[in-house]
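Take a moment with the sequence and the 3D view. Then follow the text from one place to the next.

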Amino acid sequence: MISIKPKNSTFLLLLLVLITLTSVNSWKKDEFRNCNQTPFCSRARSRKPNSCSLIASQITISDGDLLAKLILKNPPQIDQNSIDLSTDDQDQPPNPLILRVSSYKGGILRLKIDEDPTFDPPKKRFEVPSVLESDFDEKKLWLQRFSEEKIDGVSSVVVYLSDGYEAVVKKDPFEVFVREKDGGKLVISLNSHGLFEFEQLKKVKKEGENWEESFRSHTDSRPYGPQSISFDVSFYDADFVYGIPEHATSLALKPTRGPGIEHSEPYRLFNLDVFEYLHESPFGLYGSIPFMLSHGKGRGTSGFFWLNAAEMQIDVLGDGWDAGESRISLPSDQKRIDTLWMAEAGVVDAFFFVGPEPKDVVKQYVSVTGFPAMPQLFATGYHQCRWNYRDEEDVYHVDSKFDEHDIPYDVLWLDIEHTDGKKYFTWDSMLFPHPEEMQNKLAAKGRHMVTIVDPHIKRDDSYYIHNEATEKGHYVKDSSKKDYDGWCWPGSSSYLDMLSPEVREWWAEKFSYKNYVGSTPSLYIWNDMNEPSVFNGPEVTMPRDALHVGGVEHRELHNAYGYYFHMGTADGLVKRGEGKDRPFVLSRAFFAGSQRYGAIWTGDNTAEWEQLRVSVPMVLTMGLTGITFSGADVGGFFGNPEPELLVRWYQLGAYYPFFRGHAHHDTKRREPWLFGERNTELMRDAIHNRYMLLPYFYTLFREANTSGVPVMRPLWMEFPNDEAAFSNDEAFMVGNGILVQGVYSEKIKHVSVYLPGEQSWYDMRSGSTYKGGITHKLEVSDESVPAFQRGGTIIPRKDRFRRSSTQMVNDPYTLVIALNSSQKAEGELYVDDGKTFEFQRDAYIHRRFIFSDGKLTSLNMAPSGNNGRLFSSDCVIERIIILGLSSRPKSALIEPANNEAVIEMGPLLVHRPQIAQVLTIRRPNVRISDDWTIQIL
């Protein structure tokens with residue numbers, strides 16, 4: 001984060017020491033630009049409502065889309081003979097813009113606005129490639145006609161969107177919105193407040209104009225002048241808005257402008273290496289997804305996504321922000337939340353999602369940007385990481401200690417110090433002389449390893465990666481078209497131009513066993529620093545005028561750089577396994593679509609209670625925006641957590657979709673056995689809890705893979721009409737069946753837990769019943785954070801603990817049935833080989849369990865032609881726990897086997913039998929792959 005370029009390796013060493021030793025309070029606001037220091041943001045914020053004077057004209061249907069030209073309503077009168085086209089006279093009216101409206105299946109409206117190519121702009125504006133689903137265009141509804149009507153006295157055209165919804169383009173002034181067909185209520189609108197502005201590219205700078213921008217010691221050239229875009233978006237019948245990660249702030253986005261809100265910043269989307277970030281801050285972090293959801297009790301949920309990878313700033317406008325200046329006219333019963341979207345470059349490529357249910361909007365979004373990848377089973381277990389495990393002896397020691405203390409884990413990670421001089425795809429031959437043997441020893445226990453591979457390539461003539469990249473011209477260029485040279489961990493470094501498909505393909509080949517010497521099939525990859533991080537760059541990143549393939553400026557794609565790096569790495573692991581094995585790649589930077597390539601973590605957090613607290617809304621927000629496989633570093637990356645904080649973090653982190661402990665190399669060692677016997681026991685219990693629930697988690701990952709619905713969910717996603725849940729981000733759901741309430745302060749004896757809905761909830765440790773729809777003040781001990789199973793659900797578990805998830809594959813299952821007030825419950829179980837892509841060819845088991853009228857039924861949800869030929873399992877269900885049954889039966893009849901099973905009291909938790917005894921069907925031994933029924937007698 002130092003902006004002075006080091007001159008030699010000694011200076012670099014001092015720089016890195018300074019970076020790593022900076023205090024916990026090292027994040028300095030003045031090292032990053034605010035809105036007032038960002039010209040496009042300050043310009044957009046200064047505009048008044050109704051300042052847009054563009055009208056929609058020449059409206060036609062072409063190629064199944066509605067087309068229009070946006071022109072000035074009252075262009076200035078200019079003598080055409082006086083215009084010198086060679087100088088691009090900027091006093092002439094702006095050229096028309098082309099507006100295109102398209103409808104897609106599932107209630108998705110797409111709006112594109114760009115410069116008119118017939119007027120020969122100096123270059124084509126950048127449109128973000130390789131983000132949309134490959135089959136998305138196949139979902140297009142080819143529009144045949146439009147109708148015309150007067151709306152609020154304004155001529156407008158109307159086209160079909162989906163059953164119950166229409167898209168409307170008002171002509172003068174131009175506005176686009178989605179409305180309900182019956183009743184005409186608005187859902188989402190753009191430019192209702194007249195804040196639309198589109199700065200067109202220029203060929204020639206006029207005398208006296210300054211197209212450069214400076215921040216601190218860096219100056220950014222803008223060869224085509226300002227090119228920003230801004231507009232207002234309104235969400236109707238909304239109580240709150242959510243989304244647009246990544247920020248360390250509340251789940252429900254707080255207003256950033258309006259009466260009583262002073263000195264506030266917009267939510268910034270600009271991928272940055274933010275060192276020890278602050279909680280409750282709108283400043284951008286490592287990833288950016290310009291997707292916002294709204295939710296309200298009246299209408300439900302809607303969403304808006306702007307496919308744009310340039311820096312973006314977004315205001316959430318508080319009530320009264322427009323002070324009566326807006327022209328907006330609404331039915332009297334509609335309220336709204338207004339937002340202002342501002343981007344430095346790009347085009348308008350926006351998507352409106354009508355919902356109306358929360359899960360509908362998420363599914364609509366991932367149908368555009370891609371469905372989340374299905375992880376390998378091992379990746380859903382616990383990961384142990386540190387910067388850095390010193391050498392092979394250290395690796396073996398840590399691995400053996402997990403076994404000694406009966407703590408399962410699946411992955412051991414190696415940070416940058418395992419390499420030869422920070423050269424990726426290499427090993428330090430003194431510290432890691434036998435990498436293959438090391439990996440194989442862990443693999444013998446079903447465990448895996450992960451090594452780090454970052455995008456900065458050491459400029460070293462002895463490094464084959466650097467030599468190849470230089471020879472092939474694969475690096476990003478600076479503004480003078482030379483290979484860009486920045487500073488990162490290795491010192492002088494260049495950065496691969498991952499926008500180029502050719503470069504990504506070349507990069508993917510580097511992960512082959514031949515090229516990555518010392519790698520084995522049990523080794524997977526971690527992409528860090530891929531925002532990209534440049535220690536001596538502006539705001540610790542790459543200059544905006546750096547050049548990518550095709551002359552694309554870095555400013556235009558910055559937020560997607562890490563996405564393309566993630567993509568190339570994941571493709572490399574797929575190629576390494578000849579297309580058979582699912583990749584595992586963790587990335588810090590992310591963009592829309594990153595869910596297709598692997599996991600994301602929340603970056604360099606600190607060992608503070610506030611950071612534990614803010615991790616929940618951060619992970620929830622990522623889940624809402626497609627990133628279903630995410631988590632925070634357990635214990636905090638920086639600093640030394642007190643034992644109580646570390647224990648509480650493990651207890652909560654066991655419910656993150658991605659569960660990893662990680663720490664900075666200047667922190668004290670913090671493996672779970674280093675804090676005394678009692679704390680070891682508590683952390684072991686938390687990790688055991690995760691492994692017990694792996695069948696449930698894996699089933700939820702499959703649900704995410706097919707629907708986009710996140711594993712970890714805000715309460716309102718499951719209870720969309722419960723207003724008390726709308727802004728609650730201290731508790732969360734895991735799937736539809738488990739509610740978790742964190743403990744976020746030290747020495748807490750009681751915690752308030754709101755349990756939504758009308759059904760009962762069951763404490764997952766004691767089996768005690770709690771009424772839904774009210775807040776309970778509960779005692780808490782050091783043993784766990786409060787967690788409850790929802791009445792009406794069935795959760796699959798595995799109760800035998802092994803060294804790793806791989807060793808649990810053939811173990812029997814337990815079903816926990818939590819009955820609702822109707823004495824009914826439902827649940828699912830998904831099982832596949834846990835490793836390959838064969839599940840895409842229907843090689844899996846998928847069962848639905850239904851308990852009703854005293855009978856448990858197992859139904860097949862896999863394709864009917866499967867019949868176990870593609871994938872089968874001999875696993876059985878050895879225990880069925882029933883919570884909330886009104887009777888106390890003694891036996892049950894199993895069909896079609898015609899066997900009788902005993903029902904008796906047994907432990908709710910096998911590893912803690914003293915806590916609670918509950919009604920249990922013992923040893924029914926029915927196969928998970930079969931159809932069967934169990935009737936309570």
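**Helices, a loop and charged pairs**

Start with two helices, α4 (residues 392-404) and α5 (residues 435-443): their axes come within 11 Å and cross at roughly 5°. Keep in mind that this is a predicted model. Two packed helices are described by the angle between their axes and the distance between the axes. Angles under 35 degrees count as roughly parallel. Therefore α4 and α5 are roughly parallel to each other.

Which residues make the contact between α4 and α5? From α4 come Glu392, Val395, Tyr396 and Asp399. From α5 come Pro435, Glu437, Met438, Lys441 and Leu442. Sorted by class, the contact of α4 with α5 has five nonpolar and four charged residues, and no polar ones.

Now move to a loop. Asp483 sits between α6 (464-472) and β26 (486-488). What does Asp483 touch, leaving aside its neighbours within four places in sequence? Its contacts are Arg459, Thr470, Tyr475, Val476, Lys477, Asp478 and Ser494. With Lys477, there is a polar contact from side chain to side chain, at 2.6 Å. Pro39 is another matter. Asp483 and Pro39 are 444 residues apart in sequence, and their C-alpha atoms are 28 Å apart in space.

Next, look at charge. Side chains of opposite charge can pair when their charged atoms come close. How many salt bridges does a search of the whole structure find? It finds 87. Three of them follow.

Take Asp799 and Arg879. Their side chains meet in a salt bridge, 3.0 Å from N to O. This pair links distant parts of the chain, 80 residues apart. Asp799 lies in the loop between β42 (793-797) and β43 (813-818), while Arg879 belongs to strand β47 (residues 876-883). Are these two residues buried or exposed? Both Asp799 and Arg879 are buried.

Glu828 and Arg848 form another salt bridge, at 3.1 Å from N to O. Here the partners are 20 residues apart, with Glu828 in strand β44 (residues 825-831) and Arg848 in strand β45 (residues 845-852). Glu828 has 26% relative accessibility, so it counts as partly exposed. Arg848 has a relative accessible area of 25%, so it is partly exposed.

Finish with Glu904 and Arg922. The closest N and O atoms of this salt bridge are 2.8 Å apart. Glu904 is partly exposed, at 31% relative accessible area. Arg922 is partly exposed too, at 30%.

Technical notes
Residues are numbered from 1 along each chain as its sequence is written. This is a predicted model: local features need pLDDT of at least 70, side-chain atom pairs count only at pLDDT 80 or more; totals for chains, interfaces and linings use all residues. Side-chain values use heavy atoms; hydrogens and water are left out. Axes are lines fitted to C-alpha atoms, for helices over the stretch in contact, and angles run from 0 to 180 degrees between N-to-C directions. Helices (H or I, at least four residues) and strands (E, at least two) are DSSP runs, numbered from the N terminus. Angles under 35 degrees count as roughly parallel, over 145 as roughly antiparallel, 65 to 115 as roughly perpendicular and the rest as oblique. Contact means heavy atoms within 4.5 Å. Ala, Val, Leu, Ile, Met, Phe, Trp, Tyr, Cys and Pro count as nonpolar, Asp, Glu, Lys and Arg as charged, and the others, Gly among them, as polar. A polar contact is a pair of N or O atoms within 3.5 Å; within protein, one must be able to donate a hydrogen and the other to accept it, and residues adjacent in sequence count only if both atoms are side-chain atoms. A salt bridge is a side-chain nitrogen of Lys or Arg within 4 Å of a carboxyl oxygen of Asp or Glu. Buried means under 20% relative accessible area, exposed over 50%, partly exposed in between (1.4 Å probe, protein chains only).
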